[in-house]
Amino acid sequence: METSTAAAGTGQGEKAPVPRGRRPAWLPWAVGAVAVLACLGLQSQLYSGQERTVTTVFMFVTLAVGWNLIGGFTGYACFGQVGFFGLGAYTTVVLMVHGDLSFWVAWPISAVVAAVFAAAIGLPLLRLKGHYFAVATLGVAEGLRELVTNVPRWTGGGAGITIPSTGAKAPTLWLGNDGFYLLFLGLGAVSALVAALISRGRTGYALRAINQDEDAAAALGINTTWAKTVAFGMSAALTGAAGSAYAFQQVTIYPERLFDVNITVLMVVMVVIGGSGTVSGPILGALGIAVVSEYLRQHFAQWHSFTLGVLIIVAVILLPQGLVNFVRDAVRMRDFSLLSNVRRYRL
Amino acid sequence: MMLEIDRLTAGYGRVRVLHEVSLDVGEGEIVALVGPNGAGKSTLLRAVTAMIPDRSGTLVLAGRSLIGASVEAVAAAGVAHVPEGRRLFPGLTVRDNLRLGGWLGRNKDLAPVLEMFPVLGDRLSQVAGSLSGGEQQMCAIARALMSRPKLLLIDELSLGLAPLLVDEILARLGGIAAAGTGILLVEQDAGAALEVAHRGYVLELGEVVLAGTTAELAADPRMRSAYLGGEWEADAASEPGGT
């Protein structure tokens, strides 16, 4: 028995460890920097309509990256994410209208309010798993919308509320298309940076472990409550910051549009298509969905939603793990066939 | 003593599984815990790691009481658990699994565990879910060792593994214990467990029915007939008539 064990041991030992072609550590940072510079250069080439469209894409990059922190890395699919978006927006509006505060003060406060709110509801809600967490967060977002609608003294209620953004009474002058382009570009870039730092850091390891097996993660000494709350709070902060900037950009906001569940659905779709639990996946997903959606809107106006829906279904069937994860697996296994990918992930 | 358990009672909700179990594990000692299915062996390990919050009695690790401690706090106190079914992170690489094992002490030095399980060195970039059963068990033990534990709890090491592989992995436990780690080994295969252990306990229906050194247990007639199976033929004549 001893000799055969030893023989098996050397048999495995003979196979020299194959050095994997790992990408250099600086490459993602360089790609990110070049992308931001390219977006800066692109600005002068765009008509104002295009500029607004690209600005919206930057916002969705932020939202997708934010959702990915809790839904992708941690595996807690939050279906009430739009609640943080609306909360950030209304915090900004209330501070600017009633508090007469500058946008530059209201903006960070809104992000913090969203994060603190997420941490507070996270303590009970993050004990739920799977569908239960999704449904509970959906309820929180609906509740926030009702709350905003029912305190018209502060929020304008269902009729909406307007931020004074021109003239002497404005706390901060409206930034203009160029200003909001830069604002959302900066926000998107910071979001990607935050996601990259979390992913590489200790917290990222903890979140991925929780995603895979939460009990095993706790048994290794990871404080899972703390890690999940941090992820949820960071996710809400980015989403709230996006909502805040969006409110200032729109000037007049209504609860129906700010708490629209479709915004949450878009975040989820972008992350799933791009590749959840990765840094680049949500960014590519947001870009891809936005470009396809815009193309369809211009060329097939009547069939826009239907065609987009069909494309999303096909994409999810062919790439259930998302684009980035598919490419990574395909390169690793030297197998680029979509058919074998479908077979591998078939339930 | 590294681990002292005195009259520990634990269970799930209103169902008590362990009834006043007393047991101890010394520094550098391998203690086997054997018994039939449903005896409460896994429950005992889960009670030590606080995965079962309902427990009463005395539970002391290196002089520190673990009653009332959280799962993370028990891990921080120096207990590493290799649970039944291994519970690796299947979608993460072997390297990430091992580094997560070193989470608490920020231990990134894989060399000692790779020296113990050289096979894992060739698998570092593979996801843990793609490993063979034996490799997964080695990875699970290596992950637990990355926290440099005072006490290592291993649940059903042999489950689903070829006997040859079980012997190979069991043989490594001696080296781990020699470095000072106490090991509590839960095992269906009593014979294999007693081969490497210093002492053993037999658990039946949540109570310790037999305890002693490995030699004492191996010589005990109840142990031999029920778990080691060696004297089955000799007992066969009396068994049916006696009951």
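Modeller: Contact here means heavy atoms within 4.5 Å. This is a predicted model, where local features need pLDDT of at least 70 and side-chain atom pairs count only at pLDDT 80 or more, while totals for chains, interfaces and linings use all residues. Residues are numbered from 1 along each chain as its sequence is written, chains are lettered from A and ligands numbered from 1 in the order in which they are written, and side-chain values use heavy atoms, with hydrogens and water left out.

Biologist: Fine. Which residues does B:Ile141 touch, not counting those up to four places away in sequence?

Modeller: B:Val82, B:Phe117, B:Leu157, B:Ile169 and B:Ile176.

Biologist: And where is B:Ile141 found? Buried or exposed?

Modeller: B:Ile141 is in helix H5 of chain B, residues 133-145. Helices are DSSP runs of H or I with at least four residues, strands are E runs of at least two, and both are numbered from the N terminus. B:Ile141 counts as buried because its relative accessibility is 0%. Buried means under 20% relative accessible area, exposed over 50%, and partly exposed in between (1.4 Å probe, protein chains only).

Biologist: How far apart are B:Ile141 and B:Leu124?

Modeller: In space, 15 Å from C-alpha to C-alpha; in sequence, 17 residues.

Biologist: New topic: surface patches. Which residues make the nonpolar one in chain A?

Modeller: Among them are A:Tyr295, A:Trp303, A:Phe306 and A:Leu338, and the patch covers about 960 Å². A patch takes residues with over 30% relative accessible area and no salt bridge, joining like charges within 9 Å and nonpolar side chains (Val, Leu, Ile, Met, Phe, Trp, Tyr) within 5 Å. The areas are Shrake-Rupley with a 1.4 Å probe, and for residues only the protein chains shown count as cover. A salt bridge is a side-chain nitrogen of Lys or Arg within 4 Å of a carboxyl oxygen of Asp or Glu.

Biologist: Which helix gives the most to it?

Modeller: Helix H15 of chain A (residues 304-318), with six residues. A:Leu338 is in helix H17 (residues 338-345), and A:Leu338 is partly exposed because its relative accessible area is 34%.
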